[in-house]
Structure formats: structure tokens, C-alpha cells
Amino acid sequence: MNTATSAIPTLPVAPAPAPAGVAPRALRNATTEPVWVQRVLIGVALAFMTLFLFVPLATVFFEALKKGVDVYLAAITELDALSAIKLTLIATAISVPLNLVFGVAAAWSITKFDFRAKSLLLTLIDLPFSVSPVIAGLIFVLVFGLQGWFGEWLRDHDLKVIFAVPGIVLATVFVTFPFIARELIPLMQAQGIEQEEAARVLGAGGWQIFWRVTLPNIKWALLYGVILCNARAMGEFGAVSVVSGHIRGQTNTMPLHIEIVYNEYQFAAAFAVASLLAALALVTLVVKYVIEQRVKGQKREIGDRSE
Amino acid sequence: MILSRTLLKRHTVLPGFDLALGFALLYIGLIVLIPLSAAFLKTFTLTWQQFLDATTTPRVVASYRLTFGASFLAALLNAFFGLIVAWVLVRYRFPAKRLIDALVDLPFALPTAVAGIALTAIYAQNGWIGQWLPFKVSYTPLGVWVALVFIGLPFVVRTLQPVLEDVNRELEEAAAMLGASRWQTFTKVIFPIVIPALLTGFALAFARALGEYGSVIFIAGNMPMISEITPLLIITKLEQYDYAGATAIAVVMLVAAFVLLLVINLLQAWARKRQGGL
């Protein structure tokens, strides 16, 4: 529609008539690109994502199964691997519920009330995103390590935090604590407080409001937050690496086990354990996809009803 | 009670403010603020000279150069291709689009160690991609850059997508009516709308890359002065029981991270204002 400059139409909906003498061209949508440009851009985007995303993902499963299913099964049922899986599950089972309670509490106070220094609180929640995982591990060594603040006290009482399970849990909690809060806050902000206020006026107590009104509204975002937090907790490497001490069979989590086995050139075994975590990542993405479709459906329903 | 009396801006009928905020603050204090303050307090046990000596040796400076340089270049590449990916996902229709959209988040969900060994295998000289390249990628600074591109990829795409979806099509129609070519419409109408989001995505990817450890150490080769990133240097110092030295470097990185966090907040405020104005 580049020829439209000469004749400015009075009604924006009416297409400008083609000047006399010019053969009428097939009309093209003025707010999109020619097909060849679209194809080139789609091609570039797909090539970039293939190179940096799809190939690495495929490699994990390919390398894991390269030497056969027997080697694969042996690698993930080996004693050290099993104890690594167990420790990872324990650390996750402690840190995710803690972060769940925090996430709900933080989101409740931030989205249902108007208070001073709210943006400061939001910044603090985001803080672990900008702290290197290595530094996250380091700070717990400084607090609980032998030379740290509580080092001597812990030693005198025969307690171990660093190079033991509590340190791994603390580092995991630190690194993963924004995820659930971050999923909930935008949603609860958009939902407002009218429903809770109505419940309050009708005589509902605090917990009743939460369980009967708020929770049903946020359950999908909450579920995704938990699953994302879970995936990040199971896969955390840098922070856990600093506090774990890499004691085989005792303080090795799955990612640390992968590192050790990989450095011993047992590549198939390393990729076998890695494939479990990659599968978990894929499940996380599938859940996210399903939940997003549901939320879209919910929004459409609400839209229909209000019309 | 103290919290609600001093902080609340207006009266509310909803319960639970003290409990929820109190718990959130306690939790943040115990898990984040107290341990983080340990890093700064530990640095104060050093004299200024000791601090400078620990953070400016040639090996440490070489690691800053690599970490900041590779992170910057990785974020730059992600800004360019991320804009294309976001554009294609928002504007065009093609097969398996939703699947590809969902997979953009893979670097968020995939553990860094897994990404690290996978990228190393692919870009090694006998790897799927490495064997076709005339130069080495794995075990060089180039490998560091590849790993940082991988982990930064979702940030630009996910920051741009909602903004691109909100771009008012009427503006583009108006531009077309006034005779602008599609390229002019893009550079003069669309691009100025998305630039705050693009910069935010760039800054987020850059910040994430600065602290990255897991995916990099496998592919980097970790040669001092050449392919050793700063987070690895912190770990090396810790393993030598040089806690003060490790903490000093960590504080340099923390300050850089906090400055970036501030920049990101300012960019986001700018983006909100820009969007509100349209």
C-alpha cells in the first residue's frame, strides 16, 4: 500500500484506490512483512535455537544411551549415583516447602496490602537472582564454616553445617527462594482484592479466605512455581558445590555426581545421570505449557461471563 | 501489630498482614541478608591495601576481562537473535510454534552442569558441531561465550514477547498509510517502543552471565590468565583456604551485580513509563 501517499483517504478503513494506469496488485496486509522476509526470519530464529538449544538437549539423551541401555541402567543404579539421587531428593524435599511458605507469605503481603517500602521488599526477593551461585555458597561458608561466625560453636557442639546436608539445604534454599514468590506476585496483583474483601464482609476468617478464595484463584501459578523451584533445587550446582565438600556417597548431589564422573572420563555415566535431570527439565516445561493453556482458558471464561 | 501500624498506608479489612510480612522479612533476613552481610563484614577485616592486592593481581584481572567481556558479547548476541526469535514467535505462524515457544525456557529449567557437559561434547573437536568448525571452541574463551549465550537466551525473548504483543497495530497501520515502508515502520515505530524492554533483557542476560559457573567450567578449559572465569577463581581461593581473598573478589562481583540490579530497575521503570504513555 505504498502508493497510498498521494490520496489520503477520509476514512481510514477504506483502502486507497490505486492510481490510474497502475495494474491492481494483490492486496497485502500493511502490517506484516512479505512472505520471503517472514521465511528468512523464521529460518534464522530456528537455526539459532537449534544450534544453542535443541542440539544440546538432544546430545544429553544421545550420549547417555550411546553405549546401550545396560550401561545406562548400570550408571543410574550404581551405589554412588543412588546416594546422590537420595541426597538431592532430601535437599529438595526440605527447601521447596520452605520456599513455598515464604512465597505465599511474601505474595500475600505484597499484593493484598499497600505499604511503605514495598519496592524494597520486591528488590530483596529478586536479590538471589543477581548473586552468583558461587557467592551464595561462599556466604554460608563464611557464616557456618570452621573459620566462620558460628564455626567454633558448631564444632564444640559436634554439629556440621558446611560439608554436610544442612549446608546443602541452606545453599539450595537461597538460590531457589524467589521462584514461587515471583510466579505468584504478578498474578495476585492482577486479581486484586475485591474477592477477599467480599469474603471478609460475609464473615470469613483469615484462613477461610485463603483456602476458599485465594488458593483456588492461584493454584495453577502456585503449582508451576513449585515445579520450577523443584527443578532448580534439584539441578543447583555452583552454590551446592561450594558447601558440599564433594564427599562421595555422603555429600554429593546429582549435579556434583555428574561432575565427578565426567572428570573421570566416564562420559556415558555422566550423561546418564544428566539425562534424568534433563527429563525433569522437560517435564517442567510441559507442565508450564499445560498450565498456561489452562490460564488462557480461564481468562476466556471470565471474559465470556462478564459480557 | 507494629508492622501494620507503621507500614500500612491505608486501613484494610483483610487479615494476615503482620503474619505474612513478618514471616517474609524474617526469612529474607535469615537466608539472605545476614549471610550476605557476612561477605562484606569479612572484607572489612582486610586493610584497603590487602583488598586491592587480592582483587587486582594479573590473574584476577584477566578473569574479570574474560567474565565481563564474554558476558557482554553473549548478551549482545542474545539481544540480536532474541529480538528475532521473539518477533517470529509473536507475529508469524509456522508449524510447531507453540512447542518451540515452550522450549525457549529450557535454559531456566535445565541444570547448568547438564548444559555444561552437553555443550562441551557438541563443540569439542570431534563433537556434532565442533568437527565442522575450523577453530577450537571447547576449552577456549570462545567456549565460555557459547555457554553464556545458552544460559542468557530466555531473558531477552521473555522480556520482549509481552511488549511486542502489546504494540498497537494501529500505529503500524498509520505508518503504512503515511507511506512508510515496512522497514521504516520497524525502525521508526516499533523499535523505539521495544527498546526499553530490549535493554532490560540485555541487562538481565548480562547479569546472569556474570555469575554463571556450572555451565562454563566444563567447556572453558579453565586455564589461568586465558579461560578462567572469576567465579572459578573464588572457588580456587576457597580451596586454598584463602577465605579473605575469595571474599574480596566476591565483593567486587557483588557490587557489580548490585549496580546492574539498579540499572535493570531503572530500565524497567522507563519501560513502564514508555508503555503507559502510548
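About 8800 Å² of area is buried between chain B and chain A, and carbon and sulfur atoms give 79% of it. Keep in mind as you look around that this is a predicted model. The size of an interface is often given as the accessible area lost when the parts come together.

**Chain B on its own**

- Chain B is built with 13 helices and zero strands.
- The C-alpha trace of chain B spans about 70 × 70 × 35 Å along its principal axes.

**The contact between the chains**

- Eleven residue pairs are in polar contact between chain B and chain A, counting pairs with both residues at pLDDT 80 or more.

**Salt bridges**

- Side chains of opposite charge can pair when their charged atoms come close.
- Over all chains, the whole structure holds 13 salt bridges, and two salt bridges are found across the interface of chain B and chain A.
- A:Lys288 pairs with B:Asp105 in a salt bridge, where the closest N and O atoms are 2.3 Å apart.
- A:Glu33 and B:Arg182 also form a salt bridge through their side chains, at 2.7 Å from N to O.
- Why does the pair of A:Glu33 and B:Arg182 join two chains? A:Glu33 sits in the segment before helix H1 (35-65) of chain A, while B:Arg182 belongs to helix H10 (residues 182-211) of chain B, so the pair joins two chains.

**The second largest pocket**

- The second largest pocket has a volume of about 440 Å³.
- Its lining has 16 residues, and those nearest the centre of the pocket are A:Val104, A:Ala105, A:Trp207, A:Phe210 and B:Leu19.
- The elements giving two or more residues to this lining are helix H3 (79-112) and helix H10 (206-235) of chain A, together with H2 of chain B.
- Which element gives the largest share of the lining of the second largest pocket? That is H10(A), with six residues.
- The lining of this pocket divides into 14 nonpolar residues, two polar residues and no charged residues.

Note on methods. Residues numbered from 1 in each chain as written. Chains lettered and ligands numbered in written order. Heavy atoms only, no water. Buried area = accessible area lost by both parts, 1.4 Å probe. Salt bridge = Lys/Arg side-chain N within 4 Å of Asp/Glu carboxyl O. Polar contact = N/O pair within 3.5 Å; in protein donor to acceptor, adjacent residues only side chain to side chain. 1 Å grid on protein atoms, 1.4 Å probe; cavity = no way out; pocket = protein on both sides within 12 Å on 5 of 7 lines; lining within 4 Å. Points joined across faces, edges and corners; volume = space filled by probe spheres on them. Helix = DSSP H or I, 4+ residues; strand = E, 2+ residues; numbered from the N terminus. Nonpolar A, V, L, I, M, F, W, Y, C, P; charged D, E, K, R; others polar.
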